[in-house]
Amino acid sequence: MAASSACYDTPEGVDVRGRYDPAFASVLTRDALALVAALQREFRGAVRYAMEQRREAQRRYDGGELPRFDPATRAVREGDWKCAPVPPAVADRTVEITGPAEPRKMVINALNSGAKVFMADFEDALSPTWENLMNGQVNLRDAVAGTISYRDAARGREYKLNDQTAKLFVRPRGWHLPEAHVLIDGEPAIGCLVDFGLYFFHNHAAFRAGQGAGLGPFFYLPKMEHSREARIWNGVFERAEQAAGIEKGSIRATVLVETLPAAFQMDEILYELRDHSVGLNCGRWDYIFSYVKTFRAHPDRLLPDRALVGMAQHFMRSYSHLLIHTCHRRGVHAMGGMAAQIPIKDDAAANEAALELVRKDKLREVRAGHDGTWAAHPGLIPAIREVFEGHLGGRPNQIAAGASDAGAAVTAEDLIEPPRGGRTVDGLRLNTRVGVQYLAAWLAGSGSVPLYNLMEDAATAEISRVQNWQWLRHGAALDAGGVEVRATPELLARVVGEEMARVEAEVGGERFRRGRYAEAGRIFARQCMAPELDDFLTLDAYNLIVAHHPGATDKAE
Ligand SMILES: CC(=O)SCCNC(=O)CCNC(=O)[C@H](O)C(C)(C)COP(=O)(O)OP(=O)(O)OC[C@H]1O[C@@H](n2cnc3c(N)ncnc32)[C@H](O)[C@@H]1OP(=O)(O)O
Ligand SMILES: O=CC(=O)O
Ligand SMILES: [Mg+2]
């Protein structure tokens, strides 16, 4: 690119390889990038070590070990300590809507949705293309400033914020994901430090003046496997607070307990973040994915069909009870998770049945002691509010009700009890259809999509992938309409071929050819048949959405 063309102004050692855009440059400022680089330099060693420790733990599980409570941190679990008091601004989190930080229209809809909180996502719901990430940062900056608007020219609709909006939480990516469009000292930036650093730098002051009542900004932290990872986040928060000149403990975060190893570390995670915590959340979909991953070498712990692995399974119920118990004992919110149902537009009876499933799920959560929960779609908010508000009777949460007996009784065996139910070729087929269509959407830039009347995102799609892999790896017996067949590579190859044809028929030939379905089919089949399980679908496929523009930084060669 010609030296005279517009480019990002970066500090020493930082090179931006993503497309130049003046709107992106307004968030990729020299000072914001300097904060990201400082965080990366200070914490990269600890992140690398934490990722090595994840692999080491997995080697032990592969050798037959089971996850357990760590005897070395018994004092933390048994000690009588509390997290910092809940900030009044977010005492009431009965319904939280989630959605990607881009498209812009969705951000406005979510803030206007009537939910108490909007979790803007750079993670499960967002395909991390450069365009999505940077537009997401621009959207959130404008949302915090209160100036965000959008015009849908085709539909003649204007979008702007209501007087009353949801409080904003932001979910950066997990520790494992790189940001290949930003190089720091020659290596890819740690994705979540880019998401966190840019958002924090541009918004902490306006956020605290408006949404946080002196506290915040607020975050959700995904996919951690050990409290050492929470300690890194705590260090990042303290460094950012120092850089901004705000009090320690201003930043607050809810950690998603969505890996099996993290369920054995809930107290430890809260303890590391005790000055910065606003609770834990049951990230149920990634949790199921993690159960398979952790036990990938354990043939006695195969999952039944994905549709049968719900919160009624003993291991899922136990994890939610332990989470509630732990949070209330430490004085913070115990957030529920996401029901996958979304409104069904063209079938009133099916829509009512889906709504009823959501109501049931939320009633179970609030009765168990959850203080709030997630909604995937604005259309679900009235029903979820009714359930939660009806049960809470005017209280903003039920933290004061204290630790639950059900949670106190949960043992390590409860947390790993194998789920019950049948395994079928239809399950293999559905996993394949969902996995391929999700991956095709993700490669094309959409990180959350409606499929067969359910919300699908990176976490739910991962279940489809690893379940197929697990069944193949262990040659699981599958029911094929009364006949038993074994899961083999040959069976999967046939299923992929047939299901690709079915997807083509469902979406139409033209859309199929224009989309990235064929590529997605190849990647999905390869991942399901790989001798070693890939850690993350999105990590394996990430290189396919990276688009370098050399010359975006003036220092680039
Ligand atoms: C496992 C986990 O991590 S869960 C958390 C991460 N996952 C998510 O956040 C998924 C969030 N949900 C979504 O992305 C969407 O609801 C989808 C993709 C599932 C369905 O979206 P759509 O196909 O657009 O649904 P639909 O056509 O019914 O939308 C109707 C309207 O609601 C809006 N809408 C739908 N979902 C959301 C949402 N989550 N937030 C804000 N607005 C939304 C749409 O933008 C649309 O607005 P418009 O009428 O102004 O055009
Ligand atoms: O992030 C939420 C989950 O269920 O996964
Ligand atoms: Mg998740």
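Of the 27 residues around ligand 1, the nearest are Thr98, Tyr159, Lys345, Ser448 and Asp457; a residue counts as around a molecule if one of its heavy atoms lies within 4 Å of it. The model is predicted: local features need pLDDT of at least 70 and side-chain atom pairs count only at pLDDT 80 or more, while totals for chains, interfaces and linings use all residues. Residues are numbered from 1 along each chain as its sequence is written, chains are lettered from A and ligands numbered from 1 in the order in which they are written, and side-chain values use heavy atoms, with hydrogens and water left out.

**Confidence**

- The protein has a mean pLDDT of 96, and 99% of its residues reach 70 or more; pLDDT is the predictor's confidence in each residue, from 0 to 100.
- The scores of the model are ipTM 0.99 and pTM 0.97.

**Ligand 1**

- An N or O atom in the side chain of aspartate 457 is 3.0 Å from an oxygen atom of ligand 1, and one in the side chain of arginine 157 is 3.4 Å from an oxygen atom of ligand 1.
- A nitrogen atom of ligand 1 lies 2.8 Å from a backbone N or O atom of alanine 376.
- The protein buries 85% of the 940 Å² that ligand 1 exposes when taken alone (areas come from the Shrake-Rupley method with a 1.4 Å probe).
- Two or more residues of the shell around ligand 1 come from each of β2 (95-100), α4 (104-111), β5 (157-160) and β14 (449-451); helices (H or I, at least four residues) and strands (E, at least two) are DSSP runs, numbered from the N terminus.
- With 4 residues, α4 gives the largest share of this shell.
- The shell around ligand 1 holds 14 nonpolar, 5 polar and 8 charged residues (Ala, Val, Leu, Ile, Met, Phe, Trp, Tyr, Cys and Pro count as nonpolar, Asp, Glu, Lys and Arg as charged, and the others, Gly among them, as polar).

**Ligand 2**

- The residues surrounding ligand 2 are Asp124, Arg171, Leu256, Glu258, Gly283, Arg284, Trp285, Asp286, Trp374 and Ala459.
- Oxygen atoms of ligand 2 lie 3.0 Å from a polar side-chain atom of aspartate 124 and 2.8 Å from a polar side-chain atom of arginine 171.
- A polar backbone atom of tryptophan 285 is 2.8 Å from an oxygen atom of ligand 2.
- On its own ligand 2 has 200 Å² of accessible area, of which the protein covers 97%.
- Helix α10 (residues 284-294) supplies 3 residues, the largest share of the shell around ligand 2.
- By class, the shell around ligand 2 has 4 nonpolar, 1 polar and 5 charged residues.

**Magnesium ion (ligand 3)**

- Asp124 (OD), Glu258 (OE) and Asp286 (OD) coordinate the magnesium ion at 2.0 to 2.2 Å; donors are N, O and S atoms within 2.8 Å of the metal (3.2 Å for Na, K and Ca), and water is not among the atoms, so sites may look incomplete.
- Along the chain, the donors follow the spacing D-x133-E-x27-D.
- Glutamate 258 lies in the loop between β10 (252-257) and α8 (260-263) and aspartate 286 in helix α10, so the pair ties together parts that are 28 residues apart in sequence.

**Annotated domains**

- An unreviewed UniProt entry places "domain: Malate synthase TIM barrel" at residues 167-417; such annotations may be inferred rather than shown by experiment.
- Residues 167-417 are 47% helix and 16% strand, and their end C-alpha atoms lie 37 Å apart.
- The UniProt annotation "domain: Malate synthase C-terminal", also from an unreviewed entry, covers residues 423-545.

Key: A polar contact is a pair of N or O atoms within 3.5 Å; within protein, one must be able to donate a hydrogen and the other to accept it, and residues adjacent in sequence count only if both atoms are side-chain atoms.
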